[in-house]
Amino acid sequence: MARTTPHDHTRTDGEPLYWRVAQQLLGELRDGSVPPGERLPGERQLAGHFGVSRETVRQALEVLRRDGLVATDRRGSHTTLPGLPVETAPSSTFPVGARAADPGAVDRTRVTWETPPPEHAEALGLAPHRPTLVHRYESAGADGRGRRSAVTSFSAVALSEVEELARYRDRADGAASAQLSRAYDWMRKAGLTLHHRDSITRLADTPSVRVTRRVHDQYARPLEITDLVVDAQPGALVYEFTLPAAG
């Protein structure tokens, strides 16, 4: 076992912090956040996600490697859990507007079970004050530029028909892991055809734009709505596209 030192490697209850990180990462691998065989995020990104040092991440990955759950080769570390990778549709991202991998970017996500913004509740057909799964995303470049923040609310239909989303309800306390990057893949795997409508408009008196994405299925049932605010993006645009269910 790797030697641990003070700093952020040991919790006050005596359990090594890297062990807790290993268990959290394993939970995300099992719920499909990273499909079998797919490359894991880099150490820097994992350290930022879990709020620990890169050394703690290395120790956590070593725990999973020893148990045969993660392998490392020339591509980096990847999960070895059984199962087939989920096909990724190249034209969608979650949350909408998520940037490509940037080693200098700082990304934060969290998931809660709460009353969504009123405009989200209306779009999703939720009764006033009815809670639902809400995902929050924040990102900025290393220089503080390129800031973006997103709030996504899911409908009762999405939670009832997409098993992977429903599992987040029990751990949606605002502090749990919130890697829902496979959300659209999960919906397609559940047999839903995704119809997106993205509205992009400039915010008054700011260098930012707002992107509002509404997603419904083949039966016109709302699945989710996302509001994303992005720094310094020109123009206004509305476009639509459809992703068929995974077949």
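What I am presenting is a predicted model, in which local features need pLDDT of at least 70 and side-chain atom pairs count only at pLDDT 80 or more, while totals for chains, interfaces and linings use all residues. Residues are numbered from 1 along each chain as its sequence is written, and side-chain values use heavy atoms, with hydrogens and water left out.

Let me begin with the overall picture. The protein has seven helices and nine strands, and 42% of its 247 residues count as buried, where buried means under 20% relative accessible area, exposed means over 50%, and partly exposed lies in between, with a 1.4 Å probe and protein chains only. If we take contacts, meaning heavy atoms within 4.5 Å, between residues at least 6 apart in sequence, then 64% of them join residues at least 24 apart.

E3 pairs with E4 in the antiparallel sense over nine bridges, and one example is Arg110, whose bridge partner in E4 is Arg136. The C-alpha atoms of Asp107 and Tyr137 are separated by 7.3 Å, although these residues are 30 apart along the chain.

How buried is strand E4 itself? Seven of the nine residues of E4, residues 132-140, are buried, so this strand is largely enclosed by the rest of the structure. E4 also pairs with E5, again in the antiparallel sense, over six bridges, and there Tyr137 has Ala150 of E5 as its bridge partner.

From E5, residues 148-154, the pairing continues to E8 through seven bridges, with the two strands antiparallel, and Thr152 finds its bridge partner in Thr226 of E8. Strand E8, residues 222-231, is likewise largely enclosed by the rest of the structure, because seven of its 10 residues are buried. E8 is joined as well to E7, residues 208-216, by nine bridges in an antiparallel arrangement, in which Thr212 is partnered with Asp227 of E8.

Two backbone details deserve a moment here. Most residues other than glycine have a negative phi, and most peptide bonds are trans. In the hairpin of E7 and E8, which has five residues between the strands, Ala220 takes a positive phi near 65 degrees, and Ala220 counts as exposed at 58% relative accessibility. His129, which is not a glycine either, has a positive phi of about 70 degrees; His129 lies in the loop between helix H4, residues 118-124, and E4, and is exposed, with a relative accessible area of 69%.

Turning to the interior, I use nonpolar core for a set of buried Ala, Val, Leu, Ile, Met, Phe, Trp, Tyr and Cys residues joined through side-chain atoms within 4.5 Å. The largest such core has 20 residues, and those with the most contacts inside it are Leu133, Phe154, Leu165, Leu180, Met187, Leu194 and Leu223. Helix H5, residues 156-161, and helix H7, residues 183-189, each supply at least two residues of this core, and the largest share, four residues, comes from H7. Not counting residues up to four places away in sequence, Met187 touches Phe154, Val162, Leu165, Leu192, Leu194, Leu223 and Glu224. Apart from this core lies another, of 19 residues, among them Leu29, Phe50, Val52 and Val57.

Finally, a helix pair. Helix H2, residues 43-50, and helix H3, residues 54-66, pack at an angle of about 100 degrees with their axes 8 Å apart, the axes being lines fitted to C-alpha atoms over the stretch in contact, and the angles running from 0 to 180 degrees between N-to-C directions. That makes H2 roughly perpendicular to H3, on a scale where angles under 35 degrees count as roughly parallel, over 145 as roughly antiparallel, 65 to 115 as roughly perpendicular and the rest as oblique. The contact is made by Glu43, Arg44, Leu46 and Ala47 of H2 and by Arg54, Val57 and Arg58 of H3.

Terms used. Two strands pair if DSSP finds at least two bridges between them.
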